[in-house]
Amino acid sequence: FVAALAFGLLVGLEDVTGPFWWHATFLTNFKIASQGWFFGPTGHWWSLALQEQFYVVWPFILLAVPRRLFPLAAVLLLATGYAYRTWCVAAGIGDHWRWLMVPGSIDTFAIGGLLAWVRREWGLPPLPARPWALVVLALLGAAWFANRWLRAEGGGVWLAGVPELLEGMVAAAAVWGAVRGFHGAAGAVLAWGPLCRLGRISYGVFVYHLMLMFVCEPWLARVG
């Protein structure tokens, strides 16, 4: 990430040079929310800022909560994420404040923490292939339905916090499956060499991909 900032400064990328200190201090999400629109080649860095802010908060939660009470704390964080997103919609607060802030994602982080707690305390059993796939499809379908209803005229405000919660459950199921190992056709695809190598550099691909597109765009236009 530091190298990406340096590269942006070197080539004079406006979306790096202008809000440089917002990026450097991991406050990109606050800058985007306050202005109401995403940057071009660096707009996706909001998620890096969000993660770093979570890493500041999470250790204090772990230190404050006894291990045996962590599941209860995780459930409270699930309710907090849902309540925050619902409140943002009910109060007419912009989508950027709903999606890009730590309170709006804390339930997804808590699901990951709860999964880690379960693994430590009890271990994770293998996920049955067919029921697992059906559960994931059901959660994705429910998230899609909630999103559609929310965006439709007269959609219920109480659904505002549901889609991200369901998507977090899908992500947890994927992590669970990855920890235990995928088998069959899914396992063969995920074990494919080029895909594994891409996974090892995926963070760098994420950080740089939009920057490189913007930097290379004039050259690509000239060569057709």
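A salt bridge is defined here as a side-chain nitrogen of Lys or Arg within 4 Å of a carboxyl oxygen of Asp or Glu. In this predicted model, local features need a pLDDT of at least 70 and side-chain atom pairs count only at pLDDT 80 or more, whereas totals for chains, interfaces and linings use all residues. Residues are numbered from 1 along each chain as its sequence is written, and side-chain values use heavy atoms, with hydrogens and water left out.

The mean pLDDT (the predictor's confidence in each residue, from 0 to 100) of the protein is 85, and 88% of the residues score at least 70.

| Salt bridge | N to O distance |
|---|---|
| Asp95 and Arg98 | 2.8 Å |
| Glu164 and Arg85 | 3.2 Å |
| Glu121 and Arg67 | 3.8 Å |

Helices are DSSP runs (H or I, at least four residues), numbered from the N terminus. Asp95 and Arg98 both belong to helix H7 (residues 95-99), three residues apart, about one turn of the helix. Burial is classed by relative accessible area: buried under 20%, exposed over 50%, partly exposed in between (1.4 Å probe, protein chains only). Asp95 is partly exposed at 35%, while Arg98 is buried at 5%.

Glu164 lies in helix H10 (residues 162-180) and Arg85 in helix H6, so the pair ties together parts 79 residues apart in sequence. Both Glu164 and Arg85 are buried.

Methods:
Helices (H or I, at least four residues) and strands (E, at least two) are DSSP runs, numbered from the N terminus.
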